[in-house]
Amino acid sequence: NAFGQVTTVSQLQSEAGAAGAVHGCLSTGGLATTFTASQGLLLMIPNMMKIAGELSPCVFHVPARAVAGQALSIFGDQNDIQAVRSTGFAILFASNVQETLDFALAAHIATLRSRVPFVHTFDGFRTSHEIMKIRAFPKPIYKKVMELLAPEIDAHRARGLNPNHPHVRGTAQCEDIYFQAVEKANQFHERVPGFVEEAFQWIEKLSGRKYDLFEYIGSKTAKYVIVIMGSGSTTVEEYLDSRGKKDKEIGVVKVRLFRPWSVKHFLAALPLKTLKAVAICNKMKDISAMGEPLFMDVSASLQKIGCTALCLNGRFGLSSKDFTPGMVHAIFQNLRSPRPQNPFTVGIEDDVNGISLPYSPLSTVPVGTKQCIFWGFGSDGTVGANKNTIKIIAQNTDLYAQGYFQYDALKSGGVTISYLRFGPQPIKSSYLIDSGCGYLAMHKKEYMFTIKARLILGALDDGATLVLNVPWTDEELAAKLPGPFRRIVGQKRLKVFAIDANTVARKTGMGRLINNIMTAVFFNLSGVLPTEQALGLLKDAVKKTYKSKGDTVVNKNITAVDAALTDLRAVKLSHAEWAAADPSEACYDKVRAGEVPDYVKEVLDKVQVREGGELKVSQLEVDGCVEPGQTQYAKRGVADCIPIVDMDKCIQCNVCSAICPHAVIRPFLASASELQKAPEGFDTRKATGGNTYAGLHFRIQASPLDCTGCEVCTHACPTSALTMTPIAEALEKGHSKQWDFAMQIPSRANRFDPFSLKGSQFQQPLLEFSGACEGCGETPYAKLVTQMFGRRMIVANATGCSSIWGGTAAWVPYTKDKKTGRGVAWGNSLFEDNAEYGLGQLLAVNQRRKQLKDKIEMALSRCSQVMSAELRSSLEQWLEFMEDSVVTEKLGDEIIPLLQAEKGNAEEISQIFRLKDLLMKPSMWMFGGDGWANDIGYGGIDHVMAGGHNVKIVVFDTEVYSNTGGQSSKATPMGAVAKFAQGGRTQVKKDLGALAMAYR
């Protein structure tokens, strides 16, 4: 660091702990910082108030992100930042990657000079995950800045706790003096804008880049102005650039210093003499206020000087909803309207509140900017390769470069889309590429059959380059590609190239990783660099990226790069013929057995094929509560190969089913009469295992369109009875029909012991087809639990991997028992509070069941004479066995119809009927990862265990923080290598079992 030391990085058990540790560092004169976002920032609020109250200088660096409400969202908006406005921290907002670097330094300068702590923030994902060519400060600059700040640093250290000059801090103040002490701090906060201005002047002297607290861009005589904060401001700026001098009525104010709000500086930025209307655009929502905070600040500032300009309150971009130039145009049109919509939203279609603005795509990218899109498959390496591509272009040309990457929630098997821009002018496009694209590569051929062509090809310019990773000849392409896809290719006269990258990868020892093969193709076709030079640089990047994995891995990647261009070919096609292809989108309709609910067709299908952004407000649940069993309709068909059984080798052990992470391969038992309706190829053998199998025939069947192709089952099979077969071949042989038939065979689950390995697999899994990574090690355990207890489970699930594969909207894998309609009742609160959340569920269930017991006892004592003998006997049995889940499940099935028939006989019986859903004793569970159980949520787990509560805790122990990138944790064993433990962890793994045993 600037002091010549290696910076100490310390992991805490939670964000609350991190903030507390920062507070402690500051209290002894240390210089400390931390990084967080979303719920993590909210956990820091108590310490933030303490740090600000003590006027301790520091900076928290925060990529602004959404906060969980009706649902969790990991994506970006500014709700978390708005939640810390009242902590006393100054808030400095960067709008792009360059500003993020510059403002980080500015914030550290300003905090040391003002003593007021800072949140340095920027938009999560849109800025935090963007790769952009910037100008960095040379390392000596930081050392020089610290030398200039030496007096402030010495003063901070002098204020620290030290026995050589002792003092006491953190006292308790009473009503007599507290108010006065709070007011005395005003002078420090009032001076903050001046110190930030001076910090910006330092940045200008160091770099030549000039910044203001509020930066106005546009006509000096503008009538209509947008006020906005964060990355959206660069989109507005690009829109204004595209208008040039022909529109003198519009402008934008980019808010940099949000707290403390400086009325003087804000008003100085506005063209007040001509101003008619202002649109205040908020990337957050304040549900109960008359307007969002930025709107209130702007309105109050204008009111102070009697300005009569109309203030419109708008919302955009929640949870990283894209904010495009077309939306900016719609906002300015609304400002110009004689009857403007106020308040307004943009980017969605709100048919409930009726306040959304209509908009259309609009291209404002500077001339000469090249735009490229790459469709990849999570875990195929596409994103990593494109990051290398951007860096190669940025570091070896004079071009500006930008990369942004979009992911869905399906872990390593989901859709990834990479958006690359490069050109001679600075890139201000903080939005996805929706037009003007000159190069598009489709790395996963299955997407062309499930995602509509207009979504894939719509952004392409006429005559653009299209690269397809397919194993087909030109003739096969013309025969296989959907009509709408071929039609757009023909209409836009796209230049089409093809390569079978998967085969190249296998031949060169790369397995499924096609990333560097497709990157070599890009450099060959794009012309951004001479091919020979580009491939040389790519190989250098490969060596740097994979050197830690050894020479063998490096050499395989280089061989794959060399082999790529040999297999690349230009596709010969007739654009006229392709342009005449059938435009009907019926070819995208999913083939599914049975009747499909309207909700699936109108909502789930759209989300699952990337059309969720088109859904209207009225189509979504207001409270985030959804029906289970959503993944059964997805039929993604993403596997290259699926397991096919050789029944002659199968020993009917059911191991393949037990180990399958996605419940796509299962055992089935059918009678001879049922097999008469079986489709061709549904090969069975006489079931073995004793009398319970008498008269039945056994079959192992996989679902082709739900399988991820992980091969775990084939490796687990003790007799090698499973063979991975290309999915096209499997479908041609009728395996999809075979699966549909198998799913209609009546269950014989009640014949078998659900607590044995083989018997459990005849039970319906109530967790199926999740979005977990292919080969996931967590889901087989969760699936098995549902097979044993699923019909009566209530699950409290900690945020993390298991909440994402278990509860992503439109991808909910938990489902209902076919026979009873019962299933897993699943809920997620937060990361840190899952044990408490689960305990609350248990306490409520226990209290309600106590009430049920009281009602039954009262009814038996007061009105047994009006009960049928059957009801009376069943209620008496229930009282005896009320704590037995299995018995109460059966008794509940008997009692409920009797209560329905007799509830009119007495009020007491009617009261029992009102509580009927708790006649069956629920099985209470907590699910979560080792990060929750060992670290952030351990205090809660400890408390639950100490209380002796009857709740089951499942810890999916991956031994690192899986959901955030594989960092070392207290679950990491001694010697294991992980992030933050590159030399091997030096401490032993935390023993949760031993800690649990401490309580008797």
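Start by selecting H662 and A772: the H662 side chain comes to 3.0 Å from the backbone oxygen of A772. This is a predicted model, where local features need pLDDT of at least 70 and side-chain atom pairs count only at pLDDT 80 or more, while totals for chains, interfaces and linings use all residues. Residues are numbered from 1 along each chain as its sequence is written, and side-chain values use heavy atoms, leaving out hydrogens and water.

Stay on H662, which sits in the loop between α26 (655-659) and β22 (665-671); helices (H or I, at least four residues) and strands (E, at least two) are DSSP runs, numbered from the N terminus. Is H662 buried or exposed? H662 is buried, because its relative accessibility is 2%, and buried means under 20% relative accessible area with a 1.4 Å probe, protein chains only. Now show what surrounds H662: leaving aside neighbours within four places in sequence, its contacts (heavy atoms within 4.5 Å) are T708, E768, F769, S770, A772, C773, E774 and G775.

Next, select F60, L92, F118, V196, V227, F266 and V298, the residues with the most contacts inside the largest nonpolar core, which has 73 residues. Such a core is a set of buried Ala, Val, Leu, Ile, Met, Phe, Trp, Tyr and Cys residues joined through side-chain atoms within 4.5 Å. Colour helix α5 (residues 97-114) too: with seven residues, α5 gives the most to this core. Apart from that core lies another, of 43 residues, among them A394, Y439, A501 and Y546.

How values were computed
Buried < 20%, exposed > 50% of the residue type's maximum accessible area, 1.4 Å probe, protein only. Polar contact = N/O pair within 3.5 Å; in protein donor to acceptor, adjacent residues only side chain to side chain.
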